[in-house]
Amino acid sequence: MIKYVFLAAAFLLEISSLDYLFKTQSGDDLLAWCLLLHGAGSALQAAFIWPFVPPTFRQPRLPMLALLFNFAFFMPLIGLLGVVIAFLIANFRRRAVVRHPFASLPLPEYVLSMRETDHQFSQGGIKSRLAQTSIPTPKRLQSLLALQGMPARVSSPLLQDMLGDASDDIRLVAYGLLDSREKTITAQIHQELEKFRQAGSNELRLICLRRLAELYWELVYAGLAQGDLRTHSLKQALSYIESAAQLGGEDSGLLFLKGRIHYELKLPDEALRFMQQAVAYGLPESRVLPYITQIAFDRKDFKKVRELLGRISTDQVTPFMKSIINFWVEPQQTPPPAENHGKRALI
Amino acid sequence: MNFPRAESADIGLLLEGTFPYVSGGVSSWVNQIIRGFPEYTFAIVFIGSQPEDYGKPKYALPDNVVHLETHYLYNKMAAPQIRPIHGDRATFEQVKAMHGHFRSPETQGAGSEMFRKLIPELAPKGKASLEAFLYSQEAWDFVREKYQAYCTDPSFVDYFWTVRSMHAPIWMLAEIARTFIPVKAYHTVSTGYAGLLGSLLKEQNKRPLVLSEHGIYTKERKIDLFQAQWIKDNRNVFQRDPTEISYFRQLWIRFFQALGSRCYDSSDHIVALYEANRLRQVEDGAPAERTCNIPNGVNVPRFAALRELRPKDPPPILCLIGRVVPIKDIKTYIRAMRTIANRMPEAQGWIAGPEDESPEYVQECRDLVDGLGLNDNIKFLGFQQMTELLPKVGLVILSSISEGLPLVLLEGFAAGVPAVSTDVGSCRQLVYGLDEEDRALGAAGRIVGIADPQALAEASLELLSDPQVWQAASEAGIKRVETYYTQERMFASYRSIYEQVTTWQA
């Protein structure tokens, strides 16, 4: 509504300015009045036109208003008419321009790192750094944090050692790392127990029991349980395997796990028996060979060790294991320290 | 809740997350100090996270607390209206230089000096106002520059908001400092936010500041931050250096270190509970000449009366007294109970302490009791009166991963109950003695490594199964606490500090 008031006011102002212009007297005063009235009229015309300006042309606001004013001031009537026509054309043409919201950009440079990082630790490096109390605590703390990226089985014993460190910070961080690992596994155990309670079929129950056995084993394998608790976890794992067996779920995998648990419980005869059963149930022999070899070694049956290691293909093992196999299997001049001619067939 | 209000008081106590809302060692100590000095009036500022985290006050307010106000840092601040403003270039140059000093431990002192000059500018119309921090072009440019120069995390958005949320409490504390009632001296019981408030008050009103640190706040925060799950790390596999913690973690750690060093810088007396903590304070930037040790003390006669009520032979009851929270590592105690119950089936493990602080952890502990089949051997008692509890127990157990100078050990000793504790804080000194003379009193129990349930179990069994060993430990504890850790000794030390600071003239 207000814009029409503007228009009417503009019209009146322009008329009165023309009136001054065509007055018979002349003088600077009159011209000034005329220009002032024309100026005010032009400003109102610009204000009248403004709402009709398409939004895309409204920025920047002040220069745009000034432009409209100039058209109205310097080219009375024609100027604004021209502007209206220009907007109409512009608005029409604008539709022809398709704006793409997504433009394709050149591929970013391949940044490997925001900053050069120097990898100064290897596993051994960390161990010796942690052990040396003369190294400043922040440096040792860094080494400790690097352990986060390593498998729990490797890092847990190091972290356990750090629990007795003289520096509070080191002790607490080590504790925190161990605790969070233990917490993750315990939480999984509770989830699995809950699932077991709710399981509607034997098949589901079997899956839960297997997971539970594995999780308790994981506590021991990752070095998170010591002493009586370690024994407790192992027995717990065993009891879940037994329950699984009662549901008819005993397979090579569980038998293998049973063998490993018995070995950890210092029951090598049983361990051996279950490993053999696992192979009979279809587990590849290469999986159990390292364990059986270990048992033979514990019994000082070195001939057996050599024979068993000879069966492991060196292509499938880590370089560390490879050198062990090479040591034992390569023909040697002198026989190994002791020999046991007893049991021949361990498998 | 209606809190007392006053126009002025003698001592302004600045408390972060403790008395009167949280029960625990520090809170009981605060309670003990307030009641120990009836001749002074106290005005308390309580700083908490958000009102929902605290229930009703756990302590009745002593009569000499004449003023109490509570402030919550997570509460939404009435942020100034958003409008672009011009920051003062010179002030921002100063802020920039100050942050430069904060980056390295050696130049913290210079940083503190600059901070002191900036304090008056933190006010709403000041040159370093909250508005200037939030909405000025200079602040934005500053954040951008720092991100480009130092940040190893790729996300600018996370960086920007981390910086904002980290700094926001500073203006909130400045506001508290402006409105706090006049007192003769300030006493803060930690560094951190309360410490910064102390520093602001001291610089603003030129009254002395006393700092009593039970743990080392900065260190505890640091450990928390190492583990905190809420801090983002957006580095991808190529950017990640396993030896370097995420940049936001580093930022937070540096922030609390800076808070700590501001407080050390402003404090006139820096009190530690024992020597190792005092050295740590000095290492963190506390001027050594202003530091001293004042160990905790207990009301010995109150506990000595309990010795008569005890059975002749040690009862096979172990008791952990403390809040059920992760820092107490109650799980290690529960695990140790498995071994103890295997060898001494009649043994009972009690856990006496409030369970409302960390319900999740309480559940984890209960699950563990369940999982280890210890339902018959372990009892959760909730909060208990020490005087009723102590005559019934054979051993006080402390399995914490971090402690200062735990009152429960001293109270146990005073009542003739030996302790098995982890090697944290000053526990070794309390159990085995500090100097030659102290050690000659004998061992008041055993010290074991942290998170070692087997060792905790062995040590407890050793004491419980041999009445003679137990008796010797009990006597050593009584002698030690009567010689070195009486309430009178502690009050005498604080009396001299309070006298100095309340009569100090600017």
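Analyst: A residue is called buried if 20 or more other C-beta atoms lie within 10 Å of its own, and exposed if 12 or fewer do. Please keep in mind that this is a predicted model.

User: Why is B:Lys206 counted as exposed?

Analyst: B:Lys206 has 9 C-beta neighbours inside 10 Å, and the limit for an exposed residue is 12 or fewer, so B:Lys206 counts as exposed. B:Lys206 is placed in the loop between α7 (192–205) and β5 (209–213) of chain B, and has a positive phi of about 55° although it is not a glycine.

User: What makes B:Ala451 buried or exposed?

Analyst: Around B:Ala451 there are 25 other C-beta atoms within 10 Å, and the criterion for a buried residue is 20 or more, so B:Ala451 is buried. This residue, B:Ala451, sits in the loop between β13 (445–448) and α18 (453–465) of chain B, and its phi is positive, about 50°, although B:Ala451 is not a glycine.

User: Why is chain B called as compact as a globular protein of that length?

Analyst: The globule rule gives 23 Å for 506 residues, and the radius of gyration of chain B is 25 Å, which is close to that value, so chain B is as compact as a globular protein of that length. Buried residues make up 46% of the 506 residues in chain B.

User: What is the omega of the peptide bond that joins B:Phe19 and B:Pro20?

Analyst: Omega is about -5° for the bond between B:Phe19 and B:Pro20, which is a cis peptide bond; B:Pro20 lies in the loop between β1 (9–16) and α1 (25–36) of chain B.

Note on methods. Residues are numbered from 1 along each chain as its sequence is written. Chains are lettered from A and ligands numbered from 1 in the order in which they are written. This is a predicted model: local features need pLDDT of at least 70, side-chain atom pairs count only at pLDDT 80 or more; totals for chains, interfaces and linings use all residues. The radius of gyration is taken over C-alpha atoms; the globule rule is 2.2 Å times the number of residues to the power 0.38. Helices (H or I, at least four residues) and strands (E, at least two) are DSSP runs, numbered from the N terminus.
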